[in-house]
Amino acid sequence: MSAFDVLFQQVINGLALGMMYALLALGFTMVYGIIELINFSHFSVFMTGTFVGLVVLSLLGVTPGSASLTGVPLVGILVVLFAVTMATTGLLGVLIERICLRPVRHVSGTAPMITTIGIAFILINLVLLTWGPQAQRFPQLLPNWRWTIGGAEVTFKQVVLFAVALILMIGLSHLVRRTTLGKAMRATAQDADAARMMGIDVDRVVVLTFFLGSALAGAGSLFFGLYYGFTGYYIGYTTGLRAFTSAVLGGIGSIPGAVLGGVFIGLTQSLGGQLIGVKWTDVIIFSILIFVMVCRPNGLLGAQTPRRA
Amino acid sequence: MTVRALADRWRGLTVARRRQILAPVLLGVGILFPLVTSNAGNVDAAANAFTYVLLALGLNIVVGFAGLLDLGYAAFFAIGAYGYGIAASGQLRPEWSNLWAPLEWAGQVSRLAMPGQPATVQFHFSFWPMLAVSAIICAIFGMLFGAPTLRLRGDYLAIVTLGFGEIVPVVARNWEGLTNGAQGLGGIRTPKLFGFDFGFSPYPYYFLGLALAAVGVWISIRLQESRVGRAWMAIREDELAAGAMGVNHVHYKLLAFAMGAAVGGLGGTFYVAKLTTATPDMFTFPVSVMVLVMVVLGGLGSIRGVVLAALFVAFLQSVILQDLTQYVHVLGRVVGSPFLQRVELITSLELIFGLILVLMMIFRREGLWPAVRRVSALTREQQAAAPARGAAVKLSWAHPPVAGGSAHPLLQLERLSKQFGGLSAASDINLTVHAGELVSIIGPNGSGKTTLFNLITGLIRPDAGNIRFDGQDIAGRPSHEIVAHGVARTFQNIRLFNNLSVLENLLVGEHVRLEASVLGAIFRPPRVRAEERRAASSALEVLEIFGNRLLPRLDHPVYGLSYANRRRTEIARAIMTRPKLLLLDEPAAGMNPVETLELMDLIKALRDLGITVILIEHKLDVVMDVSDRVVVLDHGVKIAEGAPAQVRSDERVIEAYLGRRRRTA
């Protein structure tokens with residue numbers, strides 16, 4: 001392969017990764033947009049999602065040893081897998097909001113964020129206690145088809161993930177822009193008190209936001225499992241921080257920004273790994289995070305100013 | 001004596017006296033502990049616990065005192081650890097040059113010559129100077145990592161520090177030439193003292209750790225009760241008001257990062273000398289969270305709280321969970337559960353940390369052992385008492401004007417303009433205020449009165465125009481500098497340091513008139529002691545101005561004061577800066593007529609003491625009564641200026657307030 005082909009290949013890989021980061025970043029951005037909270041527990045909801053996926057698959061009779069599927073069984077299993085996992089992580093998000101975050105929502109300062117760090121630690125260690133520290137194999141149900149475009153290769157996996165991500169994002173965009181709930185969400189993001197006075201049930205909007213964000217994290221977690229073929233209790237932190245960087249980069253609070261940021265970080269990871277070295281990936285990504293926070297806190301799309309007046 | 005009598009006597013002692021008793025008792029217990037316990041394992045665990053104490057104290061300076069949430073604190077632990085580790089191991093072997101000769105002479109390095117190869121340098125820097133060097137290196141990194149965060153608020157700052165906290169271990173893992181990568185540094189030399197090698201016995205480390213922890217506590221207490229500590233707490237409570245009281249937030253935030261990092265560096269150096277190895281995964285995010293758990297558990301800003309919490313976490317880790325595991329195993333054998341027989345509770349340590357964070361945030365945010373504030377309730381008489389009007393007001397530092405002396409212009413505004421978007425909040429304002437004058441600024445809501453104060457005190461920059469104060473151009477200077485020149489203010493919507501006491505609020509006001517630096521605060525030389533005494537007596541003098549309104553409430557946190565008393569505290573705090581010019585923004589708002597009159601007497605008295613006053617006020621009757629001159633603003637334009645009677649009958653003023661008279665044909 002020529003150098004150009006290698007780069008092209010990394011662009012394709014990066015786009016697929018970027019979709020995963022984008023799905024995760026959406027959850028951060030939606031919650032931040034509504035209650036200005038940096039939600040560390042999102043990392044571990046994502047991680048927990050991969051284990052939920054494992055359980056769902058084993059209930060469906062799919063184990064890491066199973067052969068990949070095709071045709072109707074594949075579509076059926078994928079639909080059930082995504083639906084059940086997303087619903088479960090969504091409910092987990094709701095649970096976190098109701099039990100741990102609602103009591104501190106009106107506390108000013110960093111207390112709510114510290115709470116989310118605590119929740120993240122609890123979830124990570126519950127998973128660790130249940131499944132143990134070793135990495136778990138994630139069933140590879142997608143057939144290993146691949147096509148060559150130029151000198152690069154596109155796998156069926158990448159195509160499926162890309163398509164699912166697009167469907168979810170279009171759905172979310174429709175929900176936020178065209179429905180009453182979406183309008184309530186946007187109003188709450190602008191001014192929660194004013195929204196409440198206009199008869200919007202802000203608590204319900206917050207809960208639904210957590211549900212949607214966590215459900216998207218659930219989808220993202222299945223991407224991780226299907227793409228990498230393994231999972232472990234520790235995967236949430238690094239992936240989550242990269243996704244968070246995506247959200248900040250795109251402009252925290254901005255939904256298109258989160259997608260753009262996710263793709264950018266995905267490309268940075270694959271191209272940076274190719275050009276500079278995989279071991280420096282995190283340094284590059286965290287440097288981007290710090291740089292954006294300090295120099296352009298509104299991000300690329302700058303939907304919302306992250307400082308309170 | 002009964003226990004109760006002893007407890008009562010203890011409560012009657014002053015804080016200083018209690019410390020004089022507690023310090024030797026606690027140190028004595030600390031020194032006797034290894035002699036009492038027969039188990040070397042306990043001593044080793046306790047020595048490690050002192051590392052935790054140092055880390056918790058360091059983070060407490062950053063998060064507890066200055067209110068800057070640092071989520072990457074383990075980075076400084078790492079830098080301190082690697083600093084000593086590299087200097088006391090064979091990791092770096094630079095080529096020999098004669099520049100190393102002085103260090104060789106000092107016994108810190110030696111020349112290693114192999115036949116047929118260039119000579120290299122073997123590092124074996126001594127532990128004691130390296131303690132200081134590591135602390136300084138950490139302080140520099142603290143400022144480096146802190147500098148980008150200066151403009152960020154709470155959680156964004158936290159994320160940036162977390163980013164640095166992630167980068168440091170990655171660099172430690174990948175920069176193999178410096179750190180030996182993932183395998184870590186090995187063969188780090190143990191400390192020596194007068195020829196005695198600390199070696200691998202836990203006992204010498206225990207005593208060293210005890211000494212370092214004691215030093216950490218001492219530094220923390222000294223800093224907290226100093227000009228530096230008060231500046232940090234002021235920034236934590238209200239950054240903008242702190243600036244208006246002369247606290248340079250850039251300087252003090254960096255200082256907090258540096259001091260916190262330095263204490264963490266001490267911890268890292270000690271830990272690595274004891275362990276004789278350093279690997280990158282000793283300093284990851286969970287370590288930062290563990291230190292945060294200690295600070296949150298003990299209580300942000302509470303020194304004894306974080307020390308106790310650090311000891312508790314160490315005890316939990318090395319004793320409680322181990323012992324509990326044994327019990328659970330026995331229970332498992334009894335009930336025949338293989339899971340219970342295998343379980344290792346120590347693996348759930350982070351689970352416990354998570355639970356602690358969540359539960360503390362929901363149920364007890366002030367921590368388990370918060371810094372207590374004992375306040376005696378006031379009697380009914382004390383609460384109801386009002387001071388007699390017309391009491392003499394004295395300020396020892398004020399210079400009452402000499403009768404017949406000519407007044408010089410103190411403040412000159414020339415063509416001052418400020419636009420907010422399309423709104424002109426100040427346009428071409430010219431105003432001269434002479435020393436010793438009492439000038440009132442009136443005008444309808446939104447006429448630009450507070451904007452004018454904000455321009456003068458440097459909270460916003462003018463778009464055009466000059467501000468000359470006492471012969472110096474102050475336009476666009478930062479507010480903390482302008483205070484030092486002698487301009488103080490109060491805010492329309494009171495901005496006090498809510499969790500500090502009345503006295504502490506006033507002492508922050510004195511900030512610009514004191515000089516103690518960090519070293520002065522820690523070592524408290526006679527000069528600093530005298531300065532602190534002066535500050536305290538000066539605060540009492542200012543409080544006396546308000547008669548018995550504030551004096552009985554000296555130690556009360558200001559969030560518990562009445563509205564009028566908070567206004568008074570804010571004025572008192574402004575007077576503490578020893579202003580030549582005092583800007584009062586609606587000081588009588590929320591006061592009843594009697595209190596208003598009392599306040600106006602006070603303002604006149606301040607003017608008679610030589611303090612020039614500019615007053616924004618809506619109660620026009622009192623304005624007309626006290627002012628030497630009245631300035632009227634409307635839509636950012638000065639529409640009238642002159643003696644009260646003259647302004648009162650001005651057509652344009654009446655128009656601005658009451659609207660235009662209908663034109664009759």
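**Exercise 1.** In which sense do strand 7 and strand 12 of chain B pair, and over how many bridges? Then find the other partner of strand 12 that is joined to it by bridges.

*Solution.* The model is a predicted one, and the work begins with strand 7 (residues 438-442) of chain B, which pairs with strand 12 of chain B in the parallel sense over four bridges. Within this pairing, L438(B) stands opposite V613(B), and V439(B) stands opposite I614(B). The next step turns to strand 11 (residues 581-585) of chain B, which runs parallel to strand 12 of chain B and is joined to it by five bridges; here L583(B) stands opposite I614(B).

**Exercise 2.** Decide whether the residues of strand 12 of chain B are buried or exposed, and examine each face of the strand in turn.

*Solution.* On one side of strand 12 of chain B lie T612(B), I614(B) and I616(B), and on the other lie V613(B) and L615(B), all of them buried, so that both faces are covered. The count for the strand, residues 612-616, is therefore five buried residues of five, which means that strand 12 of chain B is largely enclosed by the rest of the structure.

**Exercise 3.** Describe the sheet of chain B by the order of its strands, and say which strands form its edges.

*Solution.* The sheet is open and consists of six strands of chain B in the order 10-11-12-7-13-14, with mixed pairing. Its edges are strand 10 (487-489) and strand 14 (637-642) of chain B, each of which pairs on one side only. Direction ignored, neighbouring strands of this sheet are turned against each other by 20 degrees on average. Helix 18 (residues 449-456) of chain B packs on the sheet, where it touches strand 7, strand 10, strand 11, strand 12 and strand 13 (629-634) of chain B, and its direction makes about 145 degrees with that of strand 11 of chain B. Helix 27 (residues 651-658) of chain B also packs on the sheet, touching strand 13 and strand 14 of chain B.

**Exercise 4.** Work out which helix of chain B supplies the largest share of the side that touches chain A.

*Solution.* The contact involves 30 residues of chain B and 33 residues of chain A. Helix 7 (154-174), helix 13 (285-298) and helix 16 (349-363) of chain B each supply at least two residues of this side of chain B, and the largest share, twelve residues, comes from helix 7 of chain B. By kind, the residues of this side divide into 20 nonpolar, five polar and five charged.

Methods. Residues are numbered from 1 along each chain as its sequence is written. Chains are lettered from A and ligands numbered from 1 in the order in which they are written. This is a predicted model: local features need pLDDT of at least 70, side-chain atom pairs count only at pLDDT 80 or more; totals for chains, interfaces and linings use all residues. Two residues are in contact if their C-beta atoms, placed from the backbone, lie within 7 Å. Ala, Val, Leu, Ile, Met, Phe, Trp, Tyr, Cys and Pro count as nonpolar, Asp, Glu, Lys and Arg as charged, and the others, Gly among them, as polar. A residue is buried if 20 or more other C-beta atoms lie within 10 Å of its own, exposed if 12 or fewer, and partly exposed in between; C-beta atoms are placed from the backbone. Two strands pair if DSSP finds at least two bridges between them. Axes are lines fitted to C-alpha atoms, for helices over the stretch in contact, and angles run from 0 to 180 degrees between N-to-C directions.
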